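The points can be read one by one beside the model.

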Amino acid sequence: MTTSNRDLSAAARERARHHPGGSLHRRSLLVTAVSLHETNTVEAARNIIANHEPLPDDVRTRALNLLNQLDPAPPTPSERSSPDMPIRHQRPPTNERKGWRKPKGSVLVTRPYTWGNPHPFDEPCPVPACHNAVHTRYEAVDLFEADLLAGTLTTRHGTRWRKPVGLTQARIALAGRDVVCACPLDERCHGDVILKWANPTT
Ligand SMILES: [Zn+2]
Ligand SMILES: [Zn+2]
């Protein structure tokens, strides 16, 4: 994706915001189309739309609905592998991934995706606030949770850092969805933090 594409997409979203003429459906379609064009994945487009503050709420909701038609909405409880609550799955290592498919409606939360943990462990952390500190696995997950709750969670997309997100965006993007990470299921993982905060407990 080139810078000029990104500028174009941003401009189109601004147009949808400033020119309320045209039907809600048309404006929502425009927002959906440019966001998809900019990001290439439904998941990333969903995050962009959820986080683009100037968008009127009716356009935002409609655009997210349009995206859900492309990428099925979260599976209903009876369709989920765990009927009660969304769960975390482990993505197999590269050499065992042939034929593997992401469970229906799940979200990949590995780096470099939007919900990946920007704090790695056992290597210098690139998050500016961490000043190259080397975290343990536990610290890395705690830092993810602290960022999420503070609304300061930012992940890297190429060389730039995405706009910080927090609980609101997590709930919009992830409520009701299983998550998929590379971590073994018996290890501590930021995916469990996502499950805990993105889903209502009652
Ligand atoms: Zn860090
Ligand atoms: Zn993980």
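1. In which helix does Leu-66 lie? The model is a predicted one, and in it Leu-66 belongs to helix 4, which covers residues 57–70. Leu-66 has 19 other C-beta atoms within 10 Å; a residue needs 20 or more to count as buried, so Leu-66 is classed as partly exposed.

2. Which residues does Leu-66 touch, apart from those up to four places away in sequence? They are Ser-28, Leu-29 and Thr-32. The C-alpha atom of Leu-66 is also separated by 10.0 Å from that of Val-31, a residue 35 places away along the chain.

3. The chain as a whole has 7 helices and 5 strands. Along the sequence they follow the pattern α-α-α-α-β-β-α-β-β-α-β-α. The chain has 202 residues, and 29% of them count as buried. Among contacts with a separation of 6 or more, 62% are between residues 24 or more positions apart.

4. The largest nonpolar core holds 31 residues. Those touching the most other members are Val-31, Ile-49, Val-109, Phe-144, Ala-170, Leu-174 and Ile-194. At least two core residues come from each of helix 2 (24–39), helix 3 (42–51), helix 4, helix 5 (137–150), helix 6 (167–174), strand 5 (179–181) and helix 7 (190–198). Helix 5 gives the most, with 5 residues. Domain 1 (3–70) and domain 2 (77–198) each supply at least three residues to this core.

5. Ala-170 deserves a separate entry. Neighbours within four places in sequence aside, Ala-170 is in contact with Leu-148, Val-165, Ile-194, Trp-197 and Ala-198. Ala-170 is also listed among the core residues that touch the most other members.

6. How is a pair of packed helices described? The description uses the angle between the two axes and the distance between them. For helix 3 and helix 6, the angle is about 135 degrees and the axes are 10 Å apart. The two helices are therefore oblique to each other, and helix 3 passes helix 6 in a right-handed crossing. On the helix 3 side the contact is made by Arg-46, Asn-47, Ala-50 and Asn-51, and on the helix 6 side by Gln-169, Ile-172 and Ala-173.

7. Helix 6 also packs against helix 7, at an angle of about 90 degrees and with the axes 9 Å apart. Angles from 65 to 115 degrees count as roughly perpendicular, and helix 6 and helix 7 are therefore described in that way. Here Leu-167, Ala-170, Arg-171 and Leu-174 of helix 6 meet Ile-194, Trp-197 and Ala-198 of helix 7.

8. At what angle do the axes of helix 5 and helix 7 cross? They cross at roughly 30 degrees and come within 9 Å. The crossing of helix 5 past helix 7 is right-handed. Helix 5 makes the contact through Val-141, Phe-144, Glu-145 and Leu-148, and helix 7 through His-190, Val-193 and Trp-197.

9. The loop between strand 2 (107–108) and helix 5 contains Pro-112. The peptide bond from Arg-111 to Pro-112 is cis, with omega near 5 degrees.

10. Thr-110 is found in the loop between strand 2 and helix 5. Thr-110 has 15 C-beta neighbours inside 10 Å and so counts as partly exposed. Leaving out neighbours within four places in sequence, the contacts of Thr-110 are Arg-91, Gly-116, Cys-181 and Ala-182. Thr-110 and Arg-91 are 19 residues apart along the chain, and their C-alpha atoms are separated by 9.3 Å.

11. Are His-131 and Asn-132 buried or exposed? His-131 has 8 other C-beta atoms within 10 Å and is exposed. Asn-132 has 10 C-beta neighbours inside 10 Å and also counts as exposed. The loop between strand 2 and helix 5 is the place of His-131 and of Asn-132.

12. Phi of His-131 is near 50 degrees, a positive value in a residue other than glycine. Asn-132, which is not a glycine, has a positive phi of about 65 degrees.

Technical notes
Residues are numbered from 1 along each chain as its sequence is written. Chains are lettered from A and ligands numbered from 1 in the order in which they are written. This is a predicted model: local features need pLDDT of at least 70, side-chain atom pairs count only at pLDDT 80 or more; totals for chains, interfaces and linings use all residues. Helices (H or I, at least four residues) and strands (E, at least two) are DSSP runs, numbered from the N terminus. A residue is buried if 20 or more other C-beta atoms lie within 10 Å of its own, exposed if 12 or fewer, and partly exposed in between; C-beta atoms are placed from the backbone. Two residues are in contact if their C-beta atoms, placed from the backbone, lie within 7 Å. A nonpolar core is a set of buried Ala, Val, Leu, Ile, Met, Phe, Trp, Tyr and Cys residues joined through C-beta atoms within 7 Å. Domain bounds come from an automatic or database domain assignment. Axes are lines fitted to C-alpha atoms, for helices over the stretch in contact, and angles run from 0 to 180 degrees between N-to-C directions. Angles under 35 degrees count as roughly parallel, over 145 as roughly antiparallel, 65 to 115 as roughly perpendicular and the rest as oblique. A crossing is left-handed if the near helix is turned anticlockwise from the far one by less than a right angle, and right-handed if clockwise.
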